[in-house]
Amino acid sequence: MRVLVTGGAGYIGTHTLIELIAAGHEPLVVDSFANSVPEALVRTGELVQRTIPFAECDVRERAALRAICADFNPEAVIHFAGLKAVGESEERPRDYYDVNVSGTLNLLAALEGTACKRIVFSSSATVYGVPQYLPYDEAHPCAPASVYAKTKHMAENILTDWQCANPQTAVTVLRYFNPVGAHGSARIGEDPQGIPNNLMPFIAQVAVGRRDRLMVFGDDYDTPDGTGVRDYIHVSDLARAHVAALGAAQTGTEVFNIGTGTGYSVLDMIGAFEKAAGCSIPYRITGRRAGDIAAMQADASRAADLLGWRAELGLAQMCASTWHWQRANPQGYNGE
Ligand code: UFG
């Protein structure tokens with residue numbers, strides 16, 4: 001299929017391109033490079049031995065997006081493009097609504113008159129909010145707590161209503177848990193700008209000497225060791241979920257949790273990374289981070305039942321691949 005991949009130069013986008021091309025799809029990337037670099041697409045192209053076509057365009061640029069869609073005439077879209085930092089979303093709400101919500105509306109407008117019958121949307125488990133029970137299943141009520149979470153939930157609703165009004169189409173919402181890891185080649189991986197918000201890239205930067213120590217945000221949670229528990233998923237497993245979603249039901253809207261179903265604490269993650277990298281990760285316990293919850297993990301059985309997808313890579317592979325990427329690219333893509 002011809003697949004438009006918005007935000008395709010990003011961390012999850014590049015890993016998904018590899019799986020898409022391996023499955024015989026023909027992608028066109030649209031990316032503003034606001035939080036990614038063209039070098040990531042160059043390297044992805046080297047891994048699949050072909051040039052990845054791309055157009056530099058922000059999803060807010062409606063006319064440009066429309067022209068790209070009219071020219072490429074996609075049969076499907078994977079919509080990754082968006083802003084994704086929870087803390088920043090509270091400081092810059094207008095930008096988050098603009099890119100994540102207006103950007104999604106622009107995309108739908110741009111797709112009018114094209115062959116596109118299928119949209120796979122990059123959503124987040126953050127839409128569930130404080131857990132009423134765990135593991136979260138897809139029927140868990142949504143109570144988005146941050147601006148970021150609200151924008152993802154709004155975009156989910158927009159796409160669901162669009163699909164209802166266009167019964168011949170299919171929308172697949174993928175609610176990611178905590179993506180980590182890197183491609184086995186160590187040529188592509190997560191390359192956050194500035195100080196990493198997320199645990200795994202922070203640990204990796206400590207290991208490679210870019211930062212002195214990790215701050216562990218709280219050890220007084222109601223979890224086995226008191227630190228926060230999350231469902232970490234290897235980005236290559238997550239990438240395969242998008243390809244499975246493209247081959248799913250022909251019409252209707254479906255929502256899937258994409259996680260492993262296993263939770264690990266911050267201290268588990270430090271221990272596993274130390275083992276993979278053969279070094280120690282200095283850390284200090286500090287206060288809780290505002291807005292954090294104690295624990296979350298996925299019931300991912302729906303994706304297994306309906307998409308035939310399940311995570312295959314475990315914690316050791318998540319840590320080893322992160323370390324290989326970080327060690328080979330201490331400054332991320334900027335090293336070249
Ligand atoms: N943590 C630390 N120190 C750090 C960073 C994180 O102790 O420097 C802890 C957090 O308190 C939490 C755990 O590590 O307990 C994971 O934190 P992350 O920031 O890596 O991930 P979150 O679960 O907070 O959030 C991530 C994404 C969100 C997404 C959510 C979905 O950042 O965008 O997963 O589950 F919405």
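Between which helix and which strand is the loop that holds Asn-73 found? The legends below, which describe a predicted model, begin with that residue.

**View 1. Asn-73 in the loop between helix H3 and strand E4.** Helix H3 covers residues 62-72 and strand E4 covers residues 76-79, and Asn-73 is found in the loop between these two elements. The phi angle of Asn-73 is positive, at about 50°, although this residue is not a glycine. Most residues other than glycine have a negative phi.

**View 2. The cis peptide bond between Leu-134 and Pro-135.** Leu-134 and Pro-135 are joined by a cis peptide bond, for which omega is about -5°. Most peptide bonds are trans. Pro-135 has its place in the loop that runs between strand E5 (118-124) and helix H6 (147-165).

**View 3. The shell of residues around the ligand.** The ligand is surrounded by 21 residues, and the closest are Asn-198, Leu-199, Met-215, Arg-230 and Asp-292. Sorted by class, this shell contains 11 nonpolar, 6 polar and 4 charged residues. Strand E8, residues 214-217, supplies the largest share of the shell, with 4 residues.

View 4. Taken alone, the ligand exposes 680 Å², of which the protein buries 90%.

**View 5. The packing of helix H1 with helix H8.** Helix H1 is formed by residues 11-22 and helix H8 by residues 235-246. Their axes come within 8 Å and cross at roughly 60°. H1 and H8 are therefore oblique to each other, and their crossing is right-handed.

**View 6. The packing of helix H1 with helix H2.** The axis of H1 also comes within 10 Å of the axis of helix H2, residues 38-48, and the two cross at roughly 30°. Angles under 35 degrees count as roughly parallel, and H1 and H2 are therefore roughly parallel to each other. The crossing of H1 and H2 is right-handed.

**View 7. The packing of helix H7 with helix H11.** Helix H7 comprises residues 199-207, and helix H11 comprises residues 315-328. The two helices pack at an angle of about 55°, and their axes are 10 Å apart. This angle makes H7 oblique to H11. H7 passes H11 in a right-handed crossing.

Key
Residues numbered from 1 in each chain as written. Predicted model: local features only at pLDDT ≥ 70, side-chain atom pairs only at ≥ 80, totals over all residues. Heavy atoms only, no water. Near = heavy atom within 4 Å. Areas by Shrake-Rupley, 256 points an atom, 1.4 Å probe, with all protein chains shown as cover. Nonpolar A, V, L, I, M, F, W, Y, C, P; charged D, E, K, R; others polar. Axes fitted to C-alpha atoms, helices over the stretch in contact; angles between N-to-C directions. Parallel < 35°, antiparallel > 145°, perpendicular 65-115°, else oblique. Left-handed = near helix turned anticlockwise from the far one by under 90°.
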